[in-house]
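Please consult the sequence and the model while reading.

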Amino acid sequence: MSLAELIGNTRVKATLNGYLRNERVPSSLIFAGSDPYHQLLFALNFAKALACLKGGMVDACDRCRHCLAIDRGLFPDVQVLAPDGQFYRKAQMDELIATACQRPMKGERRVFILKEAQRLNEASANSFLKTLEEPLASNVFILLTSNLALILPTIQSRCQILKFMPLSNLEVKQELQRRGVDPGKARLMAFFNVGNTEDLVAADWGEMEEKRQAMFSILERLLRQSAVEDVLLDLYDRSRVRETFIAYFREMVNLISVLLRDIMVLMVDAESGTLINSDSKEKLMELAALTDIDTTFFLIRKMEFLLRDIRRNLNARVLILEFINSYAPGAAAASAGE
Ligand SMILES: [Zn+2]
C-alpha cells in the first residue's frame, strides 16, 4: 500500500505529504497515539515514499523493488527496532548509532523506526540523544509511542511530534476489510474497537461473540430494571482486582454505548443500513421498545462521561454506582431538571 491508501488520520497524512512535497523531511519524528499497529503502518509507508524509485518524493509507487523490499522487511535502509526486554538496551542503541553513521546502502536515506519509544530509559537514550542533536541529513528516526508523556523531554524537544487520533468504528471496519476480513465480520469486530487494530485481528472471534451477547443481556436487564442487583454484584466482584476491572469496565461501557447507538439509529430510521450489529436487528428493536429517544441519548452521553472518568482513574466503586444509577428509572428526567 501507499500513503494515499492508509485509512484514518488524514491530518497526519497531510503533514507527511507536505514534508515529501516540499522535500523538507524532519530528521526525527514522534508518532504518538493509542494504536501501535496503525502508527507502524504510517511509518513504514512514509519510509516507502522516501525510498521509492518512482514516487518522485510524493508517495510510494508500491511496485518498485525498493517498495517491495520494504514490504517484506528486507530493505537494508529501513530498520524497525523494538525494545529487547523491558527497555531498549544500551548495546542496541550503540549498534543503531553505528549504523546511522554509515552511508545508506541503497537510497539517499536510512529510516529507523523505534517501536514503543517510551521504553528508552536514561541509559539507552543518552547516547541516542547525541545522534538526535547532530543529525545527518541521510537519517530519519521515527519514534512510535502509545504514551508520549513517558518519552524523555530531552528527546521530545528534538523531534517533530505528530499526534494520531484513534480510528473510528467505521475506519476500523475499513482497515479490517483491507486486511482481508470479510465485511460482515469486520463490521461486528469494529464493535470491539478499543484502540488497537492489531489486537482486533488477533482476537478470538468466538470469545468476542460471547462478550457481545453478554453485553446485550446486561443492557436488557438494565433497561427492564430486572435483576439489576446481579449486574451490580458481578461488577463489585470484579472490582477487587483493580487493573483487570478497569479494562473490563472500559470495554463494557464502550460496547454498551455501541448498542445504545444502534438502538438510537433504529428509533430514527428503522430501515437504516448503518447498524453495527446489523445481524441483531430484532433484538435491538426489542430493546428500543423498552426506552425512548431522550433516555437513550442521555445514556449515550452518560457512557461518554464514564469513559472519560475511567481514564481519570476515579474510584472503581464510584464508577459502578454511577453506571447503575444512570439506568435507574427517571434518571434522564432527573438529570434534565438539574
Ligand atoms: Zn516504489
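## Two neighbouring helices

Which residues in α7 meet which residues in α8? Asn-169, Val-172, Lys-173, Leu-176 and Gln-177 in α7 meet Pro-183, Ala-186, Arg-187, Met-189 and Ala-190 in α8; two residues are in contact if their C-beta atoms, placed from the backbone, lie within 7 Å. The residues of this contact comprise six nonpolar, two polar and two charged. Ala, Val, Leu, Ile, Met, Phe, Trp, Tyr, Cys and Pro count as nonpolar, Asp, Glu, Lys and Arg as charged, and the others, Gly among them, as polar.

Helix α7 spans residues 169–178 and helix α8 residues 183–190; the two pack at an angle of about 140°, with axes 8 Å apart. Axes are lines fitted to C-alpha atoms, for helices over the stretch in contact, and angles run from 0 to 180 degrees between N-to-C directions. The helices α7 and α8 are therefore oblique to each other (angles under 35 degrees count as roughly parallel, over 145 as roughly antiparallel, 65 to 115 as roughly perpendicular and the rest as oblique).

## Basis of the model

The model is predicted; local features need pLDDT of at least 70, side-chain atom pairs count only at pLDDT 80 or more, and totals for chains, interfaces and linings use all residues. Residues are numbered from 1 along each chain as its sequence is written.

## The chain as a whole

The chain has 16 helices and five strands; helices (H or I, at least four residues) and strands (E, at least two) are DSSP runs, numbered from the N terminus. An automatic or database assignment divides the chain into domain 1 (3–163) and domain 2 (204–336). The C-alpha centres of domain 1 and domain 2 are 40 Å apart.

Helix α12 (residues 242–268) and helix α13 (residues 281–288) have axes that come within 9 Å and cross at roughly 80°. This angle makes α12 roughly perpendicular to α13. Asp-262, Ile-263, Leu-266 and Met-267 of α12 form the contact with Leu-284, Met-285, Leu-287 and Ala-288 of α13. By class, this contact has seven nonpolar, no polar and one charged residues.

## A residue in strand β4

Val-140 belongs to strand β4 (residues 139–145). Val-140 is buried, because 24 other C-beta atoms lie within 10 Å (20 or more count as buried, 12 or fewer as exposed, and in between as partly exposed; C-beta atoms are placed from the backbone). Neighbours within four places in sequence aside, Val-140 is in contact with Val-25, Ser-27, Leu-50, Arg-109 and Val-111.
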